[in-house]
Amino acid sequence: MSTIAEPQLTSVTEAAPATGARPPSTYWPFVVPAVAVVGSVIVFPWAFTVWMSLHEWTVGGARRFAGLSNYLRLATDERFLTSVWQTLIYTVLAVVLPLIFGTLAALIFNSKVPLRGILRGIFVMPMMATPVAIALVWTMMFHPQLGVLNYLLSLVGIGPQAWVFSPSTVIPSLVLVETWQWTPLVMLIVLGGLAAIPTEPYESAAIDGATVFQRFRYITLPMIAPFLMVAVIIRTIDALKSFDIIYAITQGGPGTASETINLYLYSVAFAYYDVGYGSAIAVVFFGLVIALSLLMLHLRQRTKWTDIQGGA
Amino acid sequence: MSIRKITDSLCLFFVGLVLVSPAVLFFLWMISLSLKFEVDNAAYPPVFIPERFAWKNYTGVFESNRFGLYFINSLIVTGTATGLALLIGVPAGYGIARMRATKAAVVVLIARMTPGLSYLIPLFLLFQWLGLMGTLVPQIIAHLVITVPIVIWIMIGYFETTPLELEEAAVIDGANRWEVFRHIALPIAKPGITVAFILAVIFSWNNFVFGVVLAGRETRTLPVAVYNMLSFEQLSWGPLAAAALIVTLPVLILTIIAQRQIVAGLTAGAVKGG
């Protein structure tokens, strides 16, 4: 469900190329069916969620207008506040690690690797595979006694780990799966950026005797900065929303040690059927996602301004 | 000189192999798990290539009468949600691109940012109220939340790059908007439609969360069905891994066949954005 629209994330800010002037309104009929569908499956549920969040409402129970009391309850709900904290930790790790590995992989795939097409195809497979199917196999690999991961660790002299079965290691273990799955997406985005870099700066750098590191630091990095920002934005949105892997491997456990906002939202709305309170969580969660996205879009505009202006 | 080039290539190739090794080893291990009898799966140290292959893990999955049902459910949900999305989203992408209504695209962007679960509370109540919960309709409608934005996004990007001259010439020849779209714009956009189709199919097929909430015993799609197997067969890893592999295999095959289109679809806009 993730990754869908990332590329076009950027096209929003870009105007279409100027073409012949014609009355644009004549194209409305093409858009009407989509407006109807988007309105009924996306906008309507949204408005309804906000409305529900103002009610005390359980499935099969009575509905009573409750004003902002659901929101006030959130502010003192320990389990919710813990889930916010855990979501943030999970997100930071699940953005930074794929970003580092994905950028390294892109640098390598950008050079003349033999059989590059095939290797890139294999590299992309984890992100296209069905997350639940992947999660099941990771669950087996994490098994403390029979899992292959502890066996591999024992080969290099590291003692057995509890992985997803201990509150202290569960989030890093889930991030490992997330990193395995989504590093390819970062790689693809950064690879797109690398392909757009002209060769002249490298030629002059070679004449000036720049080292490999200097070339990366002063030419490559500034040039791909806008692409790194796109990758960060997409990864942040996806990591905040992560559900399949966490739900399939731990269901938020042990206890609530890996319960993110999304998992808590699921429990409240579809295990306890408290849809009023669940809606309030959904609204706050959505606010958090939008706020972080806008913040990063803002940062992206700035990186674009300072770095690309001079470079391109 | 040429020897140096060859060693350089070999070094790079080796680095490339290291890069793909997490993916390769994972999938090989998945295959290994799915082909072993329980004795081998429970062995320590782990057995990588067993002496006897447990093909029955696979035949068992296919023989269980429910697998066919869930497979057909998945086909119907993904097929219908993708088909409807193309029907609605391709003209919409065309209209938005030609009107240069990039603001309209923001709505779709927000749809992408929204956690899938938050659509589900109202939709769940609505479907319950309409008495649709025992059918596949709720899941098809929910999957539109994924497929329609993918198709619209990719088609906006595609139609923005197709030339207008042909369309203008057709208008001069007296064609109306619909004829221009049907006979000129649409044939040119075929590669874009292919990309949109492939990505919509993959992300709809992989979807889990809508099924968890909306599917009943008879209406599960494959990802939900394979997850449910986990709760019943905690300890039989072989059949579970075989089922997991069968569920994800169509997508992996599609990824290999259509690698170039998928990469293009996922990166086009990002490249443009720089």
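A residue is called buried if 20 or more other C-beta atoms lie within 10 Å of its own, exposed if 12 or fewer do, and partly exposed in between, with the C-beta atoms placed from the backbone. By that criterion, 49% of the 274 residues of chain B count as buried. The structure is a predicted model, in which local features need pLDDT of at least 70 and side-chain atom pairs count only at pLDDT 80 or more, whereas totals for chains, interfaces and linings use all residues. Residues are numbered from 1 along each chain as its sequence is written, and chains are lettered from A in the order in which they are written.

Confidence is expressed as pLDDT, the predictor's confidence in each residue, from 0 to 100. Chain A averages a pLDDT of 85, and 88% of its residues score at least 70.

| Element of chain A | Residues | Mean pLDDT |
|---|---|---|
| helix 3 of chain A | residues 78-109 | 95 (highest) |
| helix 12 of chain A | residues 275-311 | 76 (lowest) |

Over residues 305-312 of chain A the pLDDT is below 50, and beyond near neighbours in sequence this stretch has six contacts in the model, a contact being two residues whose C-beta atoms, placed from the backbone, lie within 7 Å.

Chain B has 14 helices and zero strands. Its C-alpha trace spans about 75 × 75 × 30 Å along the principal axes. Within chain B, helix 10 (residues 190-206) has 17 residues that should span 24 Å at 1.5 Å a residue, which agrees with end C-alpha atoms 24 Å apart; the expected span is 1.5 Å times one less than the number of residues. Since 13 of those 17 residues are buried, helix 10 of chain B is largely enclosed by the rest of the structure.

Between the chains, 87 residues of chain A are in contact with 95 residues of chain B. On the side of chain A that touches chain B, the largest share, 13 residues, comes from helix 1 (residues 28-52) of chain A.

The largest nonpolar core has 170 residues, and those with the most contacts inside it are Val226(B) and Ala244(B); such a core is a set of buried Ala, Val, Leu, Ile, Met, Phe, Trp, Tyr and Cys residues joined through C-beta atoms within 7 Å. Helix 7 (residues 137-161) of chain B supplies the largest share of this core, 16 residues. Not counting residues up to four places away in sequence, Ala244(B) touches Ala133(A), Leu136(A), Val137(A), Met30(B) and Val226(B).

Notes:
Helix = DSSP H or I, 4+ residues; strand = E, 2+ residues; numbered from the N terminus.
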